[in-house]
Amino acid sequence: MASANSWTLEIASPVAAVRLFRAAVLDWHTLAPKVAAHVVASAHPVEGEGGVGNVRQFNFTSAMPFGFMKERLEFLDADKCECKSTLVEGGGIGVAIETAASHIKVAPAADGGSVVKVDSTYKLLPGVEVKDEIAKAKESVTAIFKAAEAFLVANPDAYN
């Protein structure tokens, strides 16, 4: 049986924590097709109203190695800009990955901006080896937050 693996990532942003969390995490299914249309073709809630247990589906363009992914929100503390989600379908589940989960916290920085902290854990299927997938995953997560950041800088009244 394969053991669990993990990776971590920190991303600094000039945008306040609450705004970045709302845009890049809570409302990413709405914002992504607008600001990252080259990667996210469409996205929508599948189950729930945005709280714990909610499932969202992201449909990707050919820029991604898989067509879609569904994630379930397992934990949410909007006041502390923190959440945990689990990949439930697509995104390599059943092909290369047995399980995958992410813990995201967007913390205020001393300069008025924020620091995004991502902890991702995953369990590969037997016989699967990681090559450059971790680097690609980190690049993808960074791109999400940087796209939301660019939108928020250009639209200072959004997500206040």
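Modeller: Start with burial: buried means under 20% relative accessible area, exposed means over 50%, and partly exposed lies in between (1.4 Å probe, protein chains only). This is a predicted model, where local features need pLDDT of at least 70, side-chain atom pairs count only at pLDDT 80 or more, and totals for chains, interfaces and linings use all residues. Residues are numbered from 1 along each chain as its sequence is written, and side-chain values use heavy atoms, with hydrogens and water left out.

Biologist: Are Glu71 and Arg56 buried or exposed?

Modeller: Both Glu71 and Arg56 are buried.

Biologist: And how many salt bridges are there?

Modeller: A salt bridge is a side-chain nitrogen of Lys or Arg within 4 Å of a carboxyl oxygen of Asp or Glu. That rule gives seven. One of them joins Glu71 to Arg56, at 2.6 Å from N to O. It ties together distant parts of the chain, with Glu71 in strand S4 (residues 68–77) and Arg56 in strand S3 (residues 55–60), 15 residues apart. Strands here are DSSP runs (E, at least two residues), as helices are (H or I, at least four), numbered from the N terminus.

Biologist: What about Arg72 and Glu74?

Modeller: They form a salt bridge too, with the closest N and O atoms 2.9 Å apart. Arg72 is partly exposed because its relative accessible area is 32%, and Glu74 counts as partly exposed because it has 36%.

Biologist: Where does Ala17 sit?

Modeller: Ala17 belongs to helix H1 (residues 17–26). It counts as buried because its relative accessibility is 6%.
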